[in-house]
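Reader: I am new to this structure. Can you show me how to read its features, one at a time?

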Amino acid sequence: MEQNNSESKSVLCTLLDKNDQSKYVFFTQKRSAGDINIGFTNGEDVWKTHLSEEIMSQLFKTFSLKSTEDYTFKLKSACKAGRAFVKLQEDSAVLHLGAEPTDLSMSLSKLTDSEGRTEVKELLFKMADSLQQLESSSSSFSPVKSPQKRNTGFEPRKQHKGPVVAVRKRLPGDSLINPGTKRKKPATGVAFDDEDDE
């Protein structure tokens, strides 16, 4: 996928529609000019809005934010805490970052089918890239790289490379409890030798 240097997309969280409990993937696109795009998708349809520098500066003043990162953090924390939700309308949607009237809410317009497919495709590839980076960074940070810990079950197990102890095969009649001794046969009673007396 070609990554446009003027935009970077980050997936923040999932949102719920309070009416029917439908889930949506929420994302932002930070642009180089200081403005951002905000959107969400259910995999079929995409709703998106553009926040220009002027709108961002108003939001900074209203919510005492210092940067776009602060704003993104506010969005992310609202999502994780479960305060963020959406309400769908005919050709738009409203994103709420809390139930209070003073909390932030914004209107997002629904993209056309072709624009939506393109957006979902880009989002899917970005998610795959993020997962790949996460996996590679987590494997590079492991303090001890041990093949024993990494065994996935799909590779043949390695044999233990310690000292080899020879195990002697048990012969018939050997004792299981005290190896090396013969099992004693139970006593059958006294055998009188009657033939010698005659």
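Author: Start with the surface. Accessible areas come from the Shrake-Rupley method with a 1.4 Å probe. This is a predicted model, so every value here is computed from predicted atoms.

Reader: What does the accessible surface of the protein come to?

Author: About 15200 Å². Carbon and sulfur atoms hold 52% of that surface. Of the 198 residues in the protein, 28% are buried.

Reader: Now the elements. How many helices and strands are there in the protein?

Author: The protein has four helices and seven strands. Read from the N terminus, the order is β-β-β-β-α-α-β-β-β-α-α.

Reader: Let me pick out a strand. Is strand E4 mostly covered or mostly open?

Author: First, a general idea: side chains in a regular strand alternate between the two faces of the sheet. Now the case here. E4 spans residues 46–51 and is mostly covered. Five of its six residues are buried.

Reader: Which strands pair with E4?

Author: Take strand E3, residues 36–41. Six bridges join E3 to E4, and the two run antiparallel. Strand E7, residues 105–110, also pairs with E4 in the antiparallel sense, over two bridges.

Reader: How many residues lie between E3 and E4?

Author: Four, and the two strands form a hairpin. Look at Gly43 in the turn: its phi is positive, about 100°.

Reader: Which residue has a positive phi although it is not a glycine?

Author: Gln21 is such a case, with a phi of about 60°. Gln21 sits in the loop between E1 and strand E2 (23–31).

Reader: Why does Gln21 count as partly exposed?

Author: Because its relative accessibility is 48%. Partly exposed lies between the buried limit, under 20%, and the exposed limit, over 50%.

Reader: Next, disulfides. What is the general idea?

Author: A disulfide is a covalent bond between the sulfur atoms of two cysteines. This structure holds one.

Reader: Which residues does the disulfide join?

Author: Cys13 and Cys79, with S to S at 2.3 Å. The pair links distant parts of the chain, 66 residues apart. Cys13 is in strand E1 (residues 7–17), and Cys79 is in helix H2 (residues 68–80).

Reader: Are Cys13 and Cys79 buried or exposed?

Author: Both are buried.

How values were computed. Residues are numbered from 1 along each chain as its sequence is written. This is a predicted model: local features need pLDDT of at least 70, side-chain atom pairs count only at pLDDT 80 or more; totals for chains, interfaces and linings use all residues. Side-chain values use heavy atoms; hydrogens and water are left out. Buried means under 20% relative accessible area, exposed over 50%, partly exposed in between (1.4 Å probe, protein chains only). Two strands pair if DSSP finds at least two bridges between them. A disulfide is a pair of cysteine sulfur atoms within 2.5 Å.
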